[in-house]
Amino acid sequence: MNPESLIRINRSYRRFDANHPVDRSTLLELIDLTRYTSSARNAQPLRYFLSCEKEMNDLIFPNLAWAGYLKNWEGPEKQERPTAYIVLLEEIALKSTYTLFDAGLATQSILLGAANQGLGGCIIGAVKREKLREIIHLDESFDIVAVIALGKPAEIVMIEEMQNDDFKYWRDAGGVHHVPKRKLDNIIVD
């Protein structure tokens, strides 16, 4: 698939087919893409904790917040939960003000790779970091940057033109997830 097509199908999916597993070899393929992704100062400060086992996934899930604008939604139901997670870590010895740039580039590489395999994901920054640190037995030489939830998407995400600068995503009565985007003319500063 060409880059433009991948970018256009790559959405933040929050509901997945829990019967469609993502195995460790797939996660390793996605992480391998990050090795070729640009890194500020070429420091390569990111490390990754991988989970594709149900027991660990069940421990990770309650430590994530899923959709801030969907106030009456607690997150995916059991049959809609991700079947894999990648926890992005920063090696503290390599910490810099540029780590978030690296994290953005790495997560985009992971999600585009996932989209190319018919998978989808969601980058989650609202994480109970200390509790998750305990669950994955993370030592003090790393900080948790974010979590990527992965799986086979089980929802429709529609991109639509933003109205009145209202950027909040929403769901309709049929469960379709709507994501407003600014027009090209609105993001160009002349």
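Let's start with one residue in this predicted model: Asn57 has a relative accessibility of 6%, so it counts as buried, the cut-off being under 20%. You'll find Asn57 in helix H3, which covers residues 54–60. What does the side chain of Asn57 make a polar contact with? Its partner is the side chain of Ser51, at 2.6 Å. Leaving out residues up to four places away in sequence, Asn57 also touches Cys52, Pro82, Thr83, Ala84 and Tyr85.

Now for the sheet. Four strands make an open sheet, in the order E1-E2-E4-E3, with antiparallel pairing. E1 (46–51) and E3 sit at the edges, each pairing on one side only. From one strand to the next, the twist averages 25°. E2 and E4 are joined antiparallel over eight bridges, and Glu90 has Asp143 in E4 as its bridge partner.

| Helix | Residues | Lies across | Angle |
|---|---|---|---|
| H2 | 24–34 | E1, E2 and E4 | about 165° to E1 |
| H4 | 99–116 | E1, E2, E3 and E4 | about 20° to E4 |

In soluble globular proteins, nonpolar side chains tend to be buried together. Here the largest nonpolar core has 27 residues, and Leu64, Trp66, Tyr85, Val87 and Leu132 touch the most other members. Strands E2 (84–91), E3 (120–124) and E4 (142–151), along with helix H5 (129–135), each give two or more residues to this core. Which element gives the most? E4 does, with four residues. There's also a second, separate core of 19 residues, including Leu30, Leu46, Ala84 and Ile110.

Conventions:
Residues numbered from 1 in each chain as written. Predicted model: local features only at pLDDT ≥ 70, side-chain atom pairs only at ≥ 80, totals over all residues. Heavy atoms only, no water. Core = buried A, V, L, I, M, F, W, Y, C linked by side-chain atoms within 4.5 Å. Buried < 20%, exposed > 50% of the residue type's maximum accessible area, 1.4 Å probe, protein only. Polar contact = N/O pair within 3.5 Å; in protein donor to acceptor, adjacent residues only side chain to side chain. Contact = heavy atoms within 4.5 Å. Pairing = 2+ DSSP bridges. Axes fitted to C-alpha atoms, helices over the stretch in contact; angles between N-to-C directions.
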